[in-house]
Amino acid sequence: MNANLEYYKFFYHVGKLKSISLAAEELAVSQPAVSQAIRNLERELGSSLFMRTSKGVRLTAEGEVLFSYVSRGYEMILLGEKKFLEMQDLESGEICIGASDMTLRFFLLEYLEHFHEQYPKIKVTVTNATTPETLRHLQEGRIDFGVVSTPMEQGKNLHITPVRRIEDIFVAGKKFSYMQGGKLSYKELERKPIMCLEGNTSTRKYVEQFLREQNVRIDPEFELPTSDMLIQFAKRGLGVASVVKDFALEEIAKGELFQIVFDKPIPKREFCIVVDDRVPMTAAAKRMLDFVLA
C-alpha cells in the first residue's frame, strides 16, 4: 500500500458525510486540505473516488467498493481507541491476580471488595495456586501480579514488596490438653501424630526447614490440601496441626483448639506482592496495586 493512511481518514469522513465542507468541519481542518488529500489519494490509486453533485459529492462505483472496506477498518480503529480509553479511565478492563487460599482470605479479599465497589466494570479473576505455582504463572504472563507468602525463590525480574507479617504455630484439640501450660521442646512433635499441608507449599517448606534446624524430623500422619481441613481434623483430635495462626484464631477464642507453646517461637514470615518487571501493567492492574499498597 503506497497511499498515506491519513488520506484514508479524509476519504472515510467525506464518504460518510457526502460533503467536503462537513468533513472538514468534523476533522477541524480547512476544506482545501480535505480536497487536496482526496486528490492525492485518487492520483495514487489511479481512479476517481467522488463525483460532485448539487448537494455535495457522491462516491463513484470504485469509490463505493473502496469505502465499504475502509469504513469497516476505520470504524474498528475508532472502536479500539474507544475501548482503550475506557480501560485507561477504568470504565472497562480485566485484572488477573494469583493468590493462595491464605493470602486471599487474610489479605487480598478486603481490597478486592473495596476495589469492586469503586470500579464495578473491571473484571477481576483470581487464580488460586500455591506460591511456587503463582510465581510460575507470573513469569509466564498469565497473571498481572501475585500475592504470595514467603519463603519463595527470588527469580530474575521479580519485584517483591512485603505487605503483612504472619505466624506459623502448632494447634491441637482437647485430646492433647496435657500439652498445655508450659513451654515444650519441638522434640515432642516426633512422638505425636502430626498433620500438615500436602505438596509443595511455602508454608510446609518453611516449617519443616525450621524444624530441621532444631534437629527435629516429622513424618506427618495426615497431609491435607487446605488449612481449613487441618483445623477440622485438629478439632476432632486426630493430631497436632501445623497452621498459620490466622486460620485458628476463631477456634482458639472458642476454646475448641489451643496453641501449643514451645521454648522457641517459629520466626514470623510475610505476605508479599510480587510483580514481574518485564510484564507491562494495565491501568486497572496498576490501580488495584495502588489500593493494595496504599
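The briefing below goes through the sheets, then the cavity, then the cysteines.

This is a predicted model, in which local features need pLDDT of at least 70 and side-chain atom pairs count only at pLDDT 80 or more, while totals for chains, interfaces and linings use all residues. Residues are numbered from 1 along each chain as its sequence is written, and side-chain values use heavy atoms, with hydrogens and water left out.

**Sheet with β3 and β4**
- Five strands, in the order β4-β3-β5-β12-β6, form an open sheet with mixed pairing, where strands are DSSP runs of E with at least two residues, numbered from the N terminus, and two strands pair if DSSP finds at least two bridges between them.
- Because β4 (123-128) and β6 (158-166) stand at the edges with a single partner strand each, one side of each is left without a neighbour in the sheet.
- β3 (residues 94-99) pairs with β4 in the parallel sense over six bridges, and threonine 125 in β4 is the bridge partner of cysteine 96.

**Sheet with β8 and β9**
- Another open sheet of five strands runs in the order β9-β8-β10-β7-β11, and its pairing is mixed.
- Its edges are β9 (222-224) and β11 (258-259), each with a single partner strand, so one side of each lacks a neighbour in the sheet.
- Three bridges join β8 (residues 194-197) to β9 in the parallel sense, and leucine 197 stands opposite leucine 224 in β9.

**Cavity**
- A search of the whole structure finds one cavity of 30 Å³ or more, a cavity being a set of points, on a 1 Å grid over the protein atoms alone, where a 1.4 Å probe fits but cannot get out.
- The largest cavity holds about 60 Å³ of space, a volume being the space filled by probe spheres set on grid points that are joined across faces, edges and corners.
- Among the residues lining the largest cavity are Phe170, Cys196, Leu197 and Ser242, where lining residues have an atom within 4 Å of a point.
- The largest share of this lining, four residues, comes from α7, and β8 and α7 (202-213) each supply at least two residues; a helix is a DSSP run of H or I with at least four residues.

**Cysteines**
- The whole structure has zero disulfides, a disulfide being a pair of cysteine sulfur atoms within 2.5 Å.
- Cysteine 272 is in no disulfide, and the nearest cysteine sulfur, that of cysteine 96, is 19 Å away.
- Cysteine 272 is buried, with a relative accessible area of 1%, and cysteine 196 is buried at 5%, where buried means under 20% relative accessible area (1.4 Å probe, protein chains only).

Conventions: Buried < 20%, exposed > 50% of the residue type's maximum accessible area, 1.4 Å probe, protein only. 1 Å grid on protein atoms, 1.4 Å probe; cavity = no way out; pocket = protein on both sides within 12 Å on 5 of 7 lines; lining within 4 Å.
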